[in-house]
Structures are given as C-alpha cells and as structure tokens.
Amino acid sequence: MTVASLRDSDELQLNAYCDGELDPVSANAFERRLASDQSLKARYDRLVSLRQAVRSLPQLDMPPGLQARIQSRLDAERPSPVRVLRQRSWSFQALAAAAVFGAVISSSAIITIERYSQREEVAREVVAGHIRSLLAPQPFDIASSDRHTVKPWFTARLPESPQVPDLTAQGFALLGGRVDVIGHDPVATIVYKHAAHTVSLTTLPPGQSVSEQTMAGYNVRSWSDAHFTYIAVSDLPSPDLATFERAFSAEVPAPEIK
Amino acid sequence: MQNNDGRAAFDEVFLPHLPEAYRLAQWLAGNASDAEDIVQEAALRAYRGIRNFGAVNARAWSLTIVRNTAFSWLTKNRPKTVVFMNDLSAAQQQELEHEGPHGTRIETPEEIAVFRADAEQVQKALAQLPVQFREVIVLREINQMNYRDIAEITNVPIGTVMSRLSRGRQLLTALLGDLKQ
C-alpha cells in the first residue's frame, strides 16, 4: 500500500468515526490510535470543529405561505367529477344500490389486495436490505464469526433478538449481523456465507411469512416459529436455500421460555 | 376517493418533511426563491408519485424527490454549475474525488488548526463547493442523515458517500483556509 492510499483510508476512517458510522470494534481500535497519534488527533479536532461550524450555520426558515401555496396547487390537480353527472338517465335507486354493492365488493377487494401488497412490500424491503448490504463495503454492521459476539450485539440494539447459530459445519459460515429497517421497525439480520454466496436472514415479528419467490434475481424463502418470521434472501439456488432453512431450524429448535 | 387517499398519504408522508425539504433545496439552489420553486415542484411530483412510496422511510423518500427535483432544476437553469461526475473522464473523476487540495504533502500537527471561521465565511465556502460534495455535506450536517440514507437519496453506493464526504470536507477546509488570508 502506498503512503497516499494509507492516508486516504485514514481520512475515510476519521470521517466515518466522526459520523458515528464505524462499528463498535473498529471505533474502539480507532480511539486507541487517536490517543497515540498526535497528527491524527489534530486532524480529528479540526474535523470536529469544521462539522460544528457547518452545523451551527443559521438556517433559513420556510416561508410562511409555502405550505398553503402547495396545498392550493394540489387542489388544482384534482380531476372534476364529470363522469358521475353523465349517468343521469339511470334511476336514482339503481344507482344507489349499485354504489352500495360496489363499495362492499371493492372494500373487501381492497383489504385483500392491501394485505397482499403489504406482504409483498415486506419481501421487497428485505430484498432491498440485502442488495444494499452487498453494495456497502461489507454486508454487516458487526463482523464476527462468533455467535457469542453477534447475539449480544443484537440484544443491545433491538427489543427482540433472534438466536444466532453458527452453521459452519452445515456449510453456512456465520459472517456477522446488521440491523435492517422494515416498515418503521429495526430488525435483526444475520449474515451467512456459503462459498461465494451471501445469505441474509432477516428476522421479523411472527406471522409475516412471504411466499417463496424470486425478486430482482434473488431467491426469497421464509418460514416462522413461535418467536419470529424468518426471511432468507440469497443468490443461491432455491434448493440450497431450503437446505439452509433446515440447517437453521435444526439449530434453533424450541424457543426458550422466558 | 382515490384522490382523497392520495392526498391523505401525501399529507402524512411528504408534508411533515417540508421544512427540511426547503432547507435542502435552499442549500442546493443557493437562494430562497429558487428553493421555493423547487420545493413546490417536488411536492407536485411527490403527490403524483405517492403510490410509489414504499412505506419504508418517508423522510428519505421525500428528500430524494427534493434532491432529484433540485438537480433537474439546476441542470435546466444553471447548467454550468452542475458538473455531473458521469460527464467527467475517469482520470478527472479520480482527481476530483480523491486528490487532496494540498497534493500529497503531509501536514504537521502544528499546521492543523481548529476552525474559528465565522458563519458568513463557512456559508460562502459551502456555497462554493461543487454540488455533489455540497449535497452530501448538507445531507449529513444540516439534515443529519446517516450514510445509508444519504446513499439512497443521492443514488450512489455507500463507499462513494464516504469518499465524497471526506473529500468535500477537505475541500471545505482548504476553501476556509484561503478565505482567511
């Protein structure tokens, strides 16, 4: 590694540290370096003061009428109800009956569709979390092949944390964990490696299984136990994902009674 | 009925972030009246596209629309100020994104001073930054978004967010140094 690229990665670490984006292990290592490296400490202090200067810039307030102007512009967007007026030749009762009937049909259809699309949405978000993690420098927030490190890391961050079995013997090595946000809730995702393939296992509150499917080129498989719904996402072929499910379920048998 | 739903969703998803949206637009456009145009246009886009909102992160979704609206506005109205990274050659990109303002010279600890610049200088320096660096700094410091959300809003990988933030702050440091003299 050249001097330039060393400084470059220092600079990135320094920024990530100031922004609170280093994982706890790296942050700790960086703090030790800060304590012993005078020049790094000076750059750190300067960065902190720069950030402070930018953050304390006076901010313009939104002009008072802006929200109202937006509202009235949106009002103008609404189409006028022309179509209903054209149906005047219909008898009024028939129209009313049809409307009631239509409303009943469509509201039940809407509920079904909504439930379905919510589930689809969950699958989409879980897959998006997987894709995003592959784009990041690493697919996890906490890197560890030690289940006794990953589990407490989740416990410290989430109200509910899953068991974290190491499945190396079954061909799925534990890489680490990350927190994904599904809907508005942070949830635990355990990351495994199988040969060159990454498997993200997202754990949701139970009752949210999605159908087995392929989305954006990734296979999605989900199952539930009493505590969690698990959604596995990977570019592994679906038979291998099924193997993964069996291996995981065998290691996470009956949930502990608290 | 569909329209009322859309309107209610818009009120719930986009409207709460209006002050922030305005702030972001103002920093990207550089003045208040253009910011207002951008926010109005963005609100209209958000309303028309409210069905695409994925119920994940309303704030990031709203700011993404504002950011994209601001960029198309800038491209149309001030094409010279927007040098898109994609339009540059690989070598130019490398230079802009990575090479420090002081070249490869390593500063001594004594040279590295803490900032005492006044707000006006900081504001001026930030306004001078190329927009792709300015936006990540504004999203980070003013909107206080994390790397993941910034990556989503600016549609680049997290690694690029990191290098732009780092480089943008170096540029800002250098600009503030120059302004003082």
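Student: In what order do the seven strands of the open sheet in chain A lie?
Tutor: This is a predicted model, in which local features need pLDDT of at least 70, side-chain atom pairs count only at pLDDT 80 or more, and totals for chains, interfaces and linings use all residues. Residues are numbered from 1 along each chain as its sequence is written, with chains lettered from A and ligands numbered from 1 in the order in which they are written. Strands (E, at least two residues) and helices (H or I, at least four) are DSSP runs numbered from the N terminus, and two strands pair if DSSP finds at least two bridges between them. The pairing in this open sheet of chain A is antiparallel, and the order is S1-S2-S3-S4-S7-S6-S5.

Student: Which are the edge strands of chain A?
Tutor: An edge strand here pairs on one side only. In chain A that description applies to strand S1 (142–143) and strand S5 (213–215).

Student: Which residue in S7(A) does Leu201(A) stand opposite?
Tutor: Strand S4 (residues 197–204) and strand S7 (residues 229–234) of chain A run antiparallel and are joined by six bridges. In S7(A), the residue opposite Leu201(A) is Ala232(A).

Student: What angle does the direction of helix H8 of chain A make with that of S6(A)?
Tutor: Axes are lines fitted to C-alpha atoms, for helices over the stretch in contact, and angles run from 0 to 180 degrees between N-to-C directions; contact means that the C-beta atoms of two residues, placed from the backbone, lie within 7 Å. Helix H8 (residues 238–251) of chain A packs on the sheet, touching S3, S4, strand S6 (218–224) and S7 of chain A, and its direction makes with that of S6(A) an angle of about 30°.

Student: Is Leu175(B) buried or exposed?
Tutor: A residue is buried if 20 or more other C-beta atoms, placed from the backbone, lie within 10 Å of its own, exposed if 12 or fewer, and partly exposed in between. Leu175(B) lies in helix H9 (residues 158–180) of chain B, and touches Ala125(B) and Gln128(B), not counting residues up to four places away in sequence. Because 20 other C-beta atoms lie within 10 Å, Leu175(B) is buried.

Student: Which helix gives the most residues to the side of chain A that touches chain B?
Tutor: The contact takes 44 residues from chain A and 47 residues from chain B. Helix H1 (3–18), helix H3 (38–55), helix H4 (66–77) and helix H6 (92–135) of chain A each supply at least two residues of the chain A side. With 13 residues, the helix that gives the most is H3(A).
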